[in-house]
Amino acid sequence: MNNLKICFQSWDKAQPFCYLIREKVFINEQRVSPQLEWDKFDLKAIHGILSTNNLVIGCARIVTANGEVKLERMAILKNYRLKGFGSFFLNQIILYIKNEISNTVHISAQVSAIPFYKKHGFKITSKTYIEVGIKHQAMTLDITQ
(Lines give C-alpha, C1' and ligand atoms only; values in the text may rest on other atoms or scores of the structure.)
Protein backbone atom coordinates (compact mmCIF):
# COMPACT_ATOMS: atom_id res chain seq x y z
CA MET A 1 0.00 0.00 0.00
CA ASN A 2 2.63 2.48 -1.10
CA ASN A 3 1.99 5.99 -2.33
CA LEU A 4 -1.56 6.18 -0.94
CA LYS A 5 -3.14 9.60 -1.14
CA ILE A 6 -6.51 10.85 0.02
CA CYS A 7 -8.01 14.19 -0.81
CA PHE A 8 -11.34 15.72 0.09
CA GLN A 9 -12.90 17.87 -2.60
CA SER A 10 -16.04 19.55 -3.85
CA TRP A 11 -18.04 17.92 -6.64
CA ASP A 12 -16.51 20.28 -9.21
CA LYS A 13 -13.06 18.72 -8.71
CA ALA A 14 -14.08 15.21 -7.65
CA GLN A 15 -16.74 14.50 -10.29
CA PRO A 16 -14.53 12.89 -12.99
CA PHE A 17 -13.00 10.48 -10.44
CA CYS A 18 -16.23 9.69 -8.62
CA TYR A 19 -18.05 9.16 -11.87
CA LEU A 20 -15.47 6.62 -13.04
CA ILE A 21 -15.43 4.64 -9.78
CA ARG A 22 -19.15 4.73 -9.05
CA GLU A 23 -20.06 3.79 -12.60
CA LYS A 24 -17.81 0.71 -12.44
CA VAL A 25 -18.83 -0.38 -8.94
CA PHE A 26 -22.46 0.60 -8.50
CA ILE A 27 -23.86 0.83 -12.02
CA ASN A 28 -21.89 -1.91 -13.82
CA GLU A 29 -21.14 -4.42 -11.03
CA GLN A 30 -24.17 -3.97 -8.79
CA ARG A 31 -26.66 -2.95 -11.49
CA VAL A 32 -27.84 0.21 -9.75
CA SER A 33 -29.82 2.40 -12.12
CA PRO A 34 -27.88 5.53 -13.20
CA GLN A 35 -30.99 7.57 -12.38
CA LEU A 36 -30.72 6.40 -8.77
CA GLU A 37 -26.94 6.65 -8.52
CA TRP A 38 -26.59 10.30 -9.47
CA ASP A 39 -28.52 12.72 -7.30
CA LYS A 40 -28.60 16.27 -5.98
CA PHE A 41 -26.52 15.39 -2.91
CA ASP A 42 -23.32 15.12 -4.97
CA LEU A 43 -23.33 18.89 -5.45
CA LYS A 44 -23.49 19.56 -1.70
CA ALA A 45 -21.24 16.73 -0.51
CA ILE A 46 -17.58 16.58 0.34
CA HIS A 47 -16.01 13.82 -1.75
CA GLY A 48 -13.13 11.66 -0.61
CA ILE A 49 -10.83 10.34 -3.34
CA LEU A 50 -8.36 7.51 -2.70
CA SER A 51 -5.43 6.95 -5.04
CA THR A 52 -2.35 4.78 -5.12
CA ASN A 53 0.57 5.31 -7.47
CA ASN A 54 -1.39 8.15 -9.14
CA LEU A 55 -4.32 5.82 -9.95
CA VAL A 56 -7.71 6.64 -8.40
CA ILE A 57 -9.06 3.45 -6.80
CA GLY A 58 -11.79 4.63 -4.46
CA CYS A 59 -14.27 7.32 -3.62
CA ALA A 60 -16.88 8.23 -1.04
CA ARG A 61 -19.06 11.19 -0.21
CA ILE A 62 -19.87 12.92 3.05
CA VAL A 63 -23.30 14.52 3.20
CA THR A 64 -24.57 16.72 5.99
CA ALA A 65 -28.36 16.85 6.02
CA ASN A 66 -30.97 17.34 8.73
CA GLY A 67 -28.24 17.66 11.36
CA GLU A 68 -26.68 14.28 10.52
CA VAL A 69 -23.40 13.44 8.85
CA LYS A 70 -23.77 10.57 6.41
CA LEU A 71 -21.01 8.61 4.72
CA GLU A 72 -22.35 7.43 1.38
CA ARG A 73 -21.30 5.92 -1.94
CA MET A 74 -18.05 4.46 -0.60
CA ALA A 75 -16.53 2.31 -3.33
CA ILE A 76 -13.20 0.65 -4.04
CA LEU A 77 -12.34 -0.76 -7.46
CA LYS A 78 -12.64 -4.55 -7.57
CA ASN A 79 -8.90 -5.29 -8.03
CA TYR A 80 -8.11 -3.38 -4.82
CA ARG A 81 -10.71 -4.93 -2.50
CA LEU A 82 -9.78 -7.21 0.40
CA LYS A 83 -6.25 -5.77 0.45
CA GLY A 84 -6.67 -3.19 3.22
CA PHE A 85 -7.38 -0.19 0.99
CA GLY A 86 -11.02 0.07 2.12
CA SER A 87 -10.08 -0.03 5.80
CA PHE A 88 -7.37 2.58 5.32
CA PHE A 89 -9.77 4.81 3.38
CA LEU A 90 -12.60 4.43 5.90
CA ASN A 91 -10.27 5.21 8.83
CA GLN A 92 -9.07 8.37 7.10
CA ILE A 93 -12.63 9.45 6.30
CA ILE A 94 -13.64 8.91 9.94
CA LEU A 95 -10.65 10.98 11.09
CA TYR A 96 -11.58 13.76 8.65
CA ILE A 97 -15.20 13.78 9.87
CA LYS A 98 -14.09 13.82 13.51
CA ASN A 99 -11.65 16.70 12.95
CA GLU A 100 -13.78 18.78 10.60
CA ILE A 101 -17.48 18.03 11.03
CA SER A 102 -18.94 15.77 13.75
CA ASN A 103 -18.48 13.03 16.34
CA THR A 104 -21.10 10.77 14.79
CA VAL A 105 -21.29 9.15 11.36
CA HIS A 106 -24.35 7.47 9.85
CA ILE A 107 -24.32 5.04 6.94
CA SER A 108 -26.79 2.98 4.97
CA ALA A 109 -24.73 -0.18 4.60
CA GLN A 110 -25.32 -2.91 2.09
CA VAL A 111 -25.96 -6.07 4.10
CA SER A 112 -22.94 -7.74 2.48
CA ALA A 113 -20.71 -4.92 3.81
CA ILE A 114 -22.00 -4.96 7.39
CA PRO A 115 -19.11 -7.10 8.74
CA PHE A 116 -16.64 -4.58 7.27
CA TYR A 117 -18.34 -1.65 8.98
CA LYS A 118 -18.78 -3.57 12.26
CA LYS A 119 -15.02 -4.18 12.27
CA HIS A 120 -14.62 -0.40 12.29
CA GLY A 121 -17.00 0.15 15.20
CA PHE A 122 -20.29 0.88 13.41
CA LYS A 123 -23.43 -0.41 15.13
CA ILE A 124 -26.62 -1.51 13.38
CA THR A 125 -29.52 0.87 14.09
CA SER A 126 -32.32 -0.46 11.87
CA LYS A 127 -33.97 -3.51 10.44
CA THR A 128 -33.12 -4.58 6.90
CA TYR A 129 -34.65 -2.46 4.14
CA ILE A 130 -34.32 -2.28 0.36
CA GLU A 131 -32.52 0.66 -1.21
CA VAL A 132 -31.80 0.77 -4.98
CA GLY A 133 -32.83 -2.89 -5.13
CA ILE A 134 -30.20 -3.99 -2.58
CA LYS A 135 -30.68 -5.01 1.09
CA HIS A 136 -29.32 -2.39 3.50
CA GLN A 137 -29.26 -1.59 7.20
CA ALA A 138 -28.65 1.75 8.87
CA MET A 139 -25.50 1.91 11.00
CA THR A 140 -23.97 4.56 13.25
CA LEU A 141 -20.48 5.19 14.56
CA ASP A 142 -19.83 7.25 17.68
CA ILE A 143 -16.34 8.62 16.99
CA THR A 144 -15.86 9.80 20.59
CA GLN A 145 -15.33 6.24 21.79
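# Cores, strands and aromatic pairs in a predicted model

The largest nonpolar core comprises 24 residues, and those with the most contacts inside it are Leu-71, Met-74, Ile-93, Val-105, Ile-107, Tyr-117 and Phe-122. At least two residues of this core come from each of β3, β4, α4 (85-100), β5, α5 (114-119) and β8 (134-142). Helix α4 gives the most, with six residues. The structure described here is a predicted model.

Leaving aside neighbours within four places in sequence, Leu-71 is in contact with Ala-60, Arg-61, Ile-62, Leu-90, Ile-93, Val-105, His-106 and Ile-107. Another core lies apart from the largest one; this other core has 13 residues, among them Cys-18, Val-32, Ile-49 and Val-56.

## Paired strands

Strand β1 (residues 4-9) pairs with β2 in the antiparallel sense over six bridges. Within this pairing, Phe-8 has Gly-48 of β2 as its bridge partner. Strand β2 (residues 46-52) is mostly covered, as six of its seven residues are buried.

Strand β2 is also joined to strand β3 (residues 55-65), by seven bridges, and these two strands run antiparallel. His-47 stands opposite Arg-61 in β3, and the bridge partner of Leu-50 in β3 is Gly-58. Strands β2 and β3 form a hairpin with two residues between them, and Asn-53 in the turn has a positive phi of about 50°. Strand β3 is mostly covered, with nine of its eleven residues buried.

Seven bridges join β3 to strand β4 (residues 68-76), again in an antiparallel arrangement. Ala-65 stands opposite Glu-68 in β4. The hairpin of β3 and β4 has two residues between the strands, and Asn-66 there takes a positive phi near 55°.

## The end of strand β5

Gln-110 lies in strand β5 (residues 104-110). Is Gln-110 buried or exposed? Gln-110 counts as buried because its relative accessible area is 17%, which falls under the 20% limit for that class. The side chains of Gln-110 and Gln-30 are joined by a polar contact of 2.7 Å. Not counting residues up to four places away in sequence, Gln-110 touches Phe-26, Gln-30, Ile-134, Lys-135 and His-136.

## Aromatic pairs

A search of the whole structure finds six aromatic pairs. Two of them are set out below.

| Pair | Arrangement | Centre to centre | Angle between planes |
|---|---|---|---|
| Trp-11 and Trp-38 | tilted | 6.3 Å | 50° |
| Phe-116 and Tyr-117 | edge-to-face | 5.1 Å | 75° |

Which parts does the pair of Trp-11 and Trp-38 tie together? Trp-11 lies in helix α1 (residues 11-29) and Trp-38 in the loop between α2 (34-37) and α3 (41-44), so the pair ties together parts that are 27 residues apart in sequence. Trp-11 counts as buried, at 13% relative accessibility. Ring pairs also bring in Tyr-19, linking Trp-11, Tyr-19 and Trp-38 into a cluster.

Tyr-117, at 10% relative accessibility, counts as buried.

Technical notes:
Residues numbered from 1 in each chain as written. Predicted model: local features only at pLDDT ≥ 70, side-chain atom pairs only at ≥ 80, totals over all residues. Heavy atoms only, no water. Helix = DSSP H or I, 4+ residues; strand = E, 2+ residues; numbered from the N terminus. Buried < 20%, exposed > 50% of the residue type's maximum accessible area, 1.4 Å probe, protein only. Polar contact = N/O pair within 3.5 Å; in protein donor to acceptor, adjacent residues only side chain to side chain. Contact = heavy atoms within 4.5 Å. Pairing = 2+ DSSP bridges. Core = buried A, V, L, I, M, F, W, Y, C linked by side-chain atoms within 4.5 Å. Phe/Tyr/Trp six-rings, centres within 6.5 Å; stacked < 30°, edge-to-face > 60°.
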